[in-house]
Amino acid sequence: MKYAIFFLFIVILASCQSIERTPKPDNLIEEDKMVDILVELSLFDAAKRLNSNRVNVRSIEIHDFIYEKFNVDSTQLANSNAFYAENLKTYEPIFDSVQKRLERLKVELDTLKAIDDRKKDSINELKKDKKK
């Protein structure tokens, strides 16, 4: 019983400490740019998991690519991400935008793949007709 009271006392003490929120960084990445960065990171992650021989993402340093393309540095990206992650009302629309953009890209890719498949089918039909 003595240990239970001691444990409860420690838990109460620990729960009373104040939690410091991440302050807004001076060089906070704009929401639109953050969406672009997260989309790129998602695409690279998907390509890496796909492990396709046609896409050699291993030779690309993703973080260096992101820093150069979006003119940000690692600290700026980490601080901005930490700030947005603690502010769900801001981060949720960012992730919604990322999801919508990825869905649009998928539709575009599926459309292009369907067009390519139709072309291949037409070429194969012409080859069959020539052989006859």
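The structure is a predicted model, in which local features need pLDDT of at least 70 and side-chain atom pairs count only at pLDDT 80 or more, while totals for chains, interfaces and linings use all residues. Residues are numbered from 1 along each chain as its sequence is written, and side-chain values use heavy atoms, with hydrogens and water left out.

The chain holds 5 helices and 0 strands, where helices (H or I, at least four residues) and strands (E, at least two) are DSSP runs numbered from the N terminus. From the N terminus on, the order of elements is therefore α-α-α-α-α. The accessible surface amounts to about 11,200 Å², and carbon and sulfur atoms account for 56% of this surface; the areas come from the Shrake-Rupley method with a 1.4 Å probe, and for residues only the protein chains shown count as cover. Among contacts (heavy atoms within 4.5 Å) between residues at least 6 apart in sequence, 76% join residues at least 24 apart.

Helix H3 spans residues 62-70, and its residues Ile62, Ile66 and Phe70 are buried. Viewed down the axis of H3, these buried residues fall within an arc of 40 degrees, so they line one face of the helix; the arc is that of the directions from the helix axis to the C-beta atoms. The buried residues of H3 pack against helix H2 (31-50). Just after H3, Asn71 adopts a positive phi of about 55 degrees.

The largest nonpolar core has 17 residues, of which Ile29, Met34, Ile37, Leu38, Tyr84 and Ile94 touch the most other members. Such a core is a set of buried Ala, Val, Leu, Ile, Met, Phe, Trp, Tyr and Cys residues joined through side-chain atoms within 4.5 Å. H2, H3, H4 and helix H5 (88-131) each supply at least two residues of this core, and H2 gives the most, with 6 residues. Leaving aside neighbours within four places in sequence, Ile37 is in contact with Ile29, Ile66, Phe70, Val72 and Leu77.

Gln76 belongs to helix H4 (residues 74-86). Gln76 counts as buried because its relative accessibility is 14%. Not counting residues up to four places away in sequence, Gln76 touches Asn27, Ile29 and Asn71. A polar atom of the Gln76 side chain lies 2.8 Å from the backbone oxygen of Asn27.

Definitions and conventions: Buried < 20%, exposed > 50% of the residue type's maximum accessible area, 1.4 Å probe, protein only. Polar contact = N/O pair within 3.5 Å; in protein donor to acceptor, adjacent residues only side chain to side chain.
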